[in-house]
Amino acid sequence: LTQRPQSRLENALDPIGLAQAATAKALADAGVGPEVIQAVMFVEMLGEFRLPRKMIPAYDNPALSLARRIGCPEAACYLSNVGGNQPQTCINIASERDALG
């Protein structure tokens, strides 16, 4: 999901809002509706979401922030370490969780 606001930066989604939009797009792509969100058990995000950047807030718990916005605040929330291999590590962990049921 790419965001290119046509006007001011203030009109852009914040990082959690962008993750929320990506989640909605993924659900639509999978052919399921938002009612499936109630079954979400885990929300994991990359540790980079905690790093403060100019014009972008740092989040204390970005996974929980996303879980609340998408409607599954009871999901177990995890935040990865910061590093170049963390996206793949997150996929590996999620795949293992899926395999274990």
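## Close-up views of a predicted model

**View 1. Arg97 and two aromatic rings.** Arg97 lies over the face of Tyr78, 4.4 Å from the ring centre. Arg97 also lies over the face of Phe42, in this case at 4.5 Å from the ring centre. The structure shown here is a predicted model. Searching the whole structure for aromatic pairs gives 1.

View 2. Helix H3 covers residues 86–100. The helix has 15 residues, and the distance from its first C-alpha to its last is 21 Å. This is close to the span expected at 1.5 Å a residue, which is 21 Å. Just after H3 comes Gly101, whose phi is positive, at about 85°.

View 3. Gln86 belongs to helix H3. Is Gln86 buried or exposed? Gln86 counts as buried because its relative accessibility is 10%, and the cut-off for buried is under 20%. With neighbours within four places in sequence set aside, Gln86 is in contact with Leu46, Ser80 and Asn81.

**View 4. The largest nonpolar core.** The largest nonpolar core of the model consists of 13 residues. Which residues have the most contacts inside this core? They are Ile16, Val43, Met45, Leu66, Ile70 and Cys72. Two or more core residues come from each of H1, strand S1 (42–45) and helix H2 (62–70). H2 gives the largest share, with 4 residues. In soluble globular proteins, nonpolar side chains tend to be buried together.

**View 5. Ile16 and its surroundings.** Ile16 is among the residues with the most contacts inside the largest nonpolar core. Setting aside neighbours within four places in sequence, Ile16 is in contact with Met45, Phe49 and Tyr59 and also with Pro62, Ser65, Leu66 and Arg69. Of these contacts, Met45 and Leu66 are likewise listed among the core residues with the most contacts.

**View 6. Ala21 in helix H1.** Ala21 is placed in helix H1, which runs over residues 15–29. Leu1 is 20 residues from Ala21 in sequence, and the two are 8.0 Å apart in space, C-alpha to C-alpha.

Methods
Residues are numbered from 1 along each chain as its sequence is written. This is a predicted model: local features need pLDDT of at least 70, side-chain atom pairs count only at pLDDT 80 or more; totals for chains, interfaces and linings use all residues. Side-chain values use heavy atoms; hydrogens and water are left out. Buried means under 20% relative accessible area, exposed over 50%, partly exposed in between (1.4 Å probe, protein chains only). Contact means heavy atoms within 4.5 Å. The expected span of a helix is 1.5 Å times one less than its number of residues. Rings of Phe, Tyr and Trp (its six-membered ring) pair if their centres lie within 6.5 Å; planes under 30 degrees apart count as stacked, over 60 as edge-to-face and the rest as tilted. A charge sits over a ring if NZ of Lys or CZ of Arg is within 6 Å of the ring centre and within 35 degrees of the ring normal. A nonpolar core is a set of buried Ala, Val, Leu, Ile, Met, Phe, Trp, Tyr and Cys residues joined through side-chain atoms within 4.5 Å.
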